[in-house]
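My interest is in how the side chains are placed and which of them meet.

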Amino acid sequence: MKLKIARNVQLYFAEKLHEAIIGARCDPSTIIRILVSRSEIDLYDICEEYKRKYCRSIVTDLKETCSGDFYRLLKQLVDPQNIHLSFEDSNEI
């Protein structure tokens, strides 16, 4: 495990996010912990590794697993281009 994280930190976190999102049971605390604890640049790289490994956007998988304000919050974290939109301004971010 330590070797895996040392080789590619972004891929490691992409895999952990995938397990938390798509696993047998959604794990919101792991999703939040990873997304909030990583820097913006690192988070972008994690999302790119996720897309490269699973051929799907992390936003797509979040949308299938999460809903409501929780989904919109997570989407804002992984897709900061929509940061100018508020929760009240958008029904679907």
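Predicted model: local features only at pLDDT ≥ 70, side-chain atom pairs only at ≥ 80, totals over all residues.

Lys16 forms a salt bridge with Glu19, and the closest N and O atoms are 3.6 Å apart; the term stands for a side-chain nitrogen of Lys or Arg within 4 Å of a carboxyl oxygen of Asp or Glu. Glu19 is partly exposed as well, at 49% relative accessibility. Lys16 and Glu19 are about one helical turn from each other because they sit three residues apart in helix H2. An α-helix has 3.6 residues a turn, so residues three or four places apart point the same way.

**Entry: the other salt bridges**

How many salt bridges does the structure hold? I find seven. One of them joins Arg38 to Asp42, with the closest N and O atoms 2.5 Å apart; Arg38 is partly exposed at 24% relative accessible area, whereas Asp42 is buried at 9%. Another joins Arg56 to Asp61, where the closest N and O atoms are again listed at 2.5 Å. Here Arg56 is partly exposed at 31%, and Asp61 is buried at 2%.

**Entry: the chain as a whole**

I then stepped back to the fold, which has six helices and zero strands; I take these as DSSP runs numbered from the N terminus, with helices being H or I of at least four residues and strands being E of at least two. Of the 93 residues of the chain, 37% count as buried. The chain exposes about 6,100 Å², of which carbon and sulfur atoms supply 53%; the areas come from the Shrake-Rupley method with a 1.4 Å probe, and for residues only the protein chains shown count as cover.

**Entry: the core**

Which residues touch the most other members of the largest nonpolar core? Among its 20 residues they are Leu17, Ile21, Ile31, Leu35, Ile58, Leu62 and Val78; such a core is a set of buried Ala, Val, Leu, Ile, Met, Phe, Trp, Tyr and Cys residues joined through side-chain atoms within 4.5 Å. At least two core residues come from each of H2 (9–22), H3 (28–37), H4 (40–54), H5 (58–65) and H6 (68–78), and H2 gives the largest share, six residues. In soluble globular proteins, nonpolar side chains tend to be buried together.

I looked at Val78 in particular: leaving aside residues up to four places away in sequence, Val78 touches Leu35, Cys47, Ile58, Val59 and Leu62, contact meaning heavy atoms within 4.5 Å. The buried residues of H6 are Tyr71, Arg72, Leu74, Lys75, Gln76 and Val78, and they pack against H3, H4 and H5.

**Entry: aromatic pairs**

I count two aromatic pairs, where rings of Phe, Tyr and Trp (its six-membered ring) pair if their centres lie within 6.5 Å, and planes under 30 degrees apart count as stacked, over 60 as edge-to-face and the rest as tilted. The rings of Tyr12 and Phe13 have centres 5.2 Å apart and planes at 75 degrees, so this pair is edge-to-face. Tyr12 is buried at 16%, and Phe13 is buried at 14%. The rings of Tyr50 and Tyr54 have centres 5.0 Å apart and planes at 55 degrees, so that pair is tilted. Both Tyr50 and Tyr54 lie in helix H4, four residues apart, about one turn of the helix, and Tyr50 is buried at 0% relative accessible area.

Conventions. Residues numbered from 1 in each chain as written. Heavy atoms only, no water. Buried < 20%, exposed > 50% of the residue type's maximum accessible area, 1.4 Å probe, protein only.
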